[in-house]
Amino acid sequence: MTAVEHDADVIVVGAGPGGSATAYHLARHGVRVLVLEKTEFPREKVCGDGLTPRAVRQLIRMGVDTSPEAGWLHNRGLRVIGGGVRLELDWPELASFPNYGLVRTRLDFDDLLAQRAVAAGAKLRTNVNVLGPVLDADGRVTGVEAEVGPGKEPATFHAPLVVAADGVSGRFPLALGLAKREDRPIGVAVRRYYHSPVKHDDDYLESWLELRSKDSGDNLLPGYGWIFGLGDGRVNVGLGVLNSSSAFGKTNYRRLLTDWLANTPADWGMTDETNADGPILGAALPMGFNRVPHYTRGVLLVGDSGGMVNPFNGEGIAYAMESGELAAEVAVQALARPAGPERERALMAYPNELKARLGGYYRLGGIFVKLIGRPEIMRIATKHGMPHPTLMRFVLKLLANLTDPRGGDAMDRVINAMTKAAPAV
């Protein structure tokens, strides 16, 4: 049998936050890593652009300068509006996480992370559209088939391991027969940029738990909204709807967004189309491990490709970066072993550790999604929960997954006990 010449030790498909984090941590350990990205940088992505302290921790682990001088807008916490109450909740003071969040557009953010990976030693090739896997006689993935450049020249790249970080489309795992699980939550989000001199430099991320429309007799709309200041004169405004809602798949989400914004104060600038900066764009949010297994036949799934969005709050970037770091750690150990059973044993640590870290938490998130999909429960929760700041601080810790695993306060211990007790998804 002819030996295959490897182009890298690991091929990473996709240079979003998950792919770039994987590549950075691999390269730091001296692994030859090739990142294949289908677009050119800088490039836009549909996202809320808000980062919780969980994501900030991962940026710091990648050596990113998160200071305001480096172009980051800091925030102190989350402002929650619902049930006739407006509540500002600061991010918790923890040993495990910083006490600030960040906002930055994906146009800047993804490019910055990709360059961090390159600076660490990763090789990045853009305008390379990966079509599917290369399989050996045993069905194991030994590389990828791709089209390169504007001329779509066919190309093949080989490596002992492949990381699928190709986002919500998950084309690479789909080519391996890994379809989305229908029993796991999924959301749809739409967002738009507006020029807003009043809201652009807000100290808090703003979340609206009740969306109302003047056109529908002030009726409650399905979903929840956000307004995140970007610090450059603009805001990112969007809303999300979960598949547990009866309105899922039956709603014009773009109209839903403009109906909600029609209720906001005129001086915010979001009722005037002339203040809009670009169109309304939408994307799916694959939640709660909705594609498994996360390791199979030489391929590790990272981030949205493996359905790792937090069901509680729709956050995906932190979990993409965390899973990328974990995938890199496991791959480094696996590559130090000979190909065969020993290497496979090491690689199975990846899905097992993901399940141990997040399986119980995502199980609780799935229950949460089903509950808030019912308008009467959401109405009761906001009416009776919002007036109690201590309860809402507990909710913030739970929804943002911000606790100290050891020590911590009583809230931390309760949340940690709940996630350990819940059967892992």
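How much space lies in the largest cavity? About 40 Å³.

## Basis

This is a predicted model, in which local features need pLDDT of at least 70, side-chain atom pairs count only at pLDDT 80 or more, and totals for chains, interfaces and linings use all residues. Residues are numbered from 1 along each chain as its sequence is written, and side-chain values use heavy atoms, leaving out hydrogens and water.

## Cavities

The whole structure holds two cavities of 30 Å³ or more. A cavity is a set of points, on a 1 Å grid over the protein atoms alone, where a 1.4 Å probe fits but cannot get out; lining residues have an atom within 4 Å of a point. Volume is the space filled by probe spheres set on the points, with grid points joined across faces, edges and corners.

Tyr319, Glu322, Ser323, Leu326, Leu354, Arg357 and Leu358 line the largest cavity. Helices H6 (317-335) and H8 (349-372) each give two or more residues to this lining. H6 supplies the largest share, four residues. Helices (H or I, at least four residues) and strands (E, at least two) are DSSP runs, numbered from the N terminus. By class, the lining has four nonpolar, one polar and two charged residues. Here Ala, Val, Leu, Ile, Met, Phe, Trp, Tyr, Cys and Pro count as nonpolar, Asp, Glu, Lys and Arg as charged, and the others, Gly among them, as polar.

The second largest cavity has a volume of about 30 Å³. Its lining is Ser20, Val35, Ala114, Ala117, Val118, Ala122 and Leu124. Helix H3 (residues 106-120) gives the most, three residues. Six lining residues are nonpolar, one is polar and none is charged.

## Nonpolar cores

The largest nonpolar core has 61 residues, and Leu26, Leu59 and Tyr350 have the most contacts inside it. H6 gives this core its largest share, 11 residues. A core joins buried Ala, Val, Leu, Ile, Met, Phe, Trp, Tyr and Cys residues through side-chain atoms within 4.5 Å. Buried means under 20% relative accessible area, exposed over 50%, partly exposed in between (1.4 Å probe, protein chains only).

Leu59 touches Leu51, Val64, Thr66, Trp72, Leu102, Phe109, Leu113 and Met321, not counting residues up to four places away in sequence. Contact means heavy atoms within 4.5 Å. A second, separate core of 29 residues includes Leu73, Val103, Tyr224 and Trp226.

## Aromatic pairs

There are nine aromatic pairs in the whole structure. Rings of Phe, Tyr and Trp (its six-membered ring) pair if their centres lie within 6.5 Å; planes under 30 degrees apart are stacked, over 60 edge-to-face, the rest tilted. Trp72 and Phe109 are edge-to-face because their ring centres lie 6.0 Å apart with planes at 90°. Trp72 sits in the loop between helix H2 (53-61) and strand S4 (73-75) and Phe109 in helix H3, so the pair ties together parts 37 residues apart in sequence. Trp72 is buried at 3% relative accessibility, and Phe109 is buried at 1%.

Phe289 and Tyr362 also pair edge-to-face, 4.9 Å centre to centre and 70° between the planes. Phe289 lies in the loop between strand S19 (276-286) and strand S20 (295-296), and Tyr362 in helix H8, 73 residues apart. Both Phe289 and Tyr362 are buried. Ring pairs link Phe289, Phe312, Tyr319, Tyr361, Tyr362 and Phe368 into a cluster.

Conventions. On a 1 Å grid over the protein atoms alone, a cavity is a set of points where a 1.4 Å probe fits but cannot get out, and a pocket is an open set with protein on both sides within 12 Å along at least five of seven lines; lining residues have an atom within 4 Å of a point.
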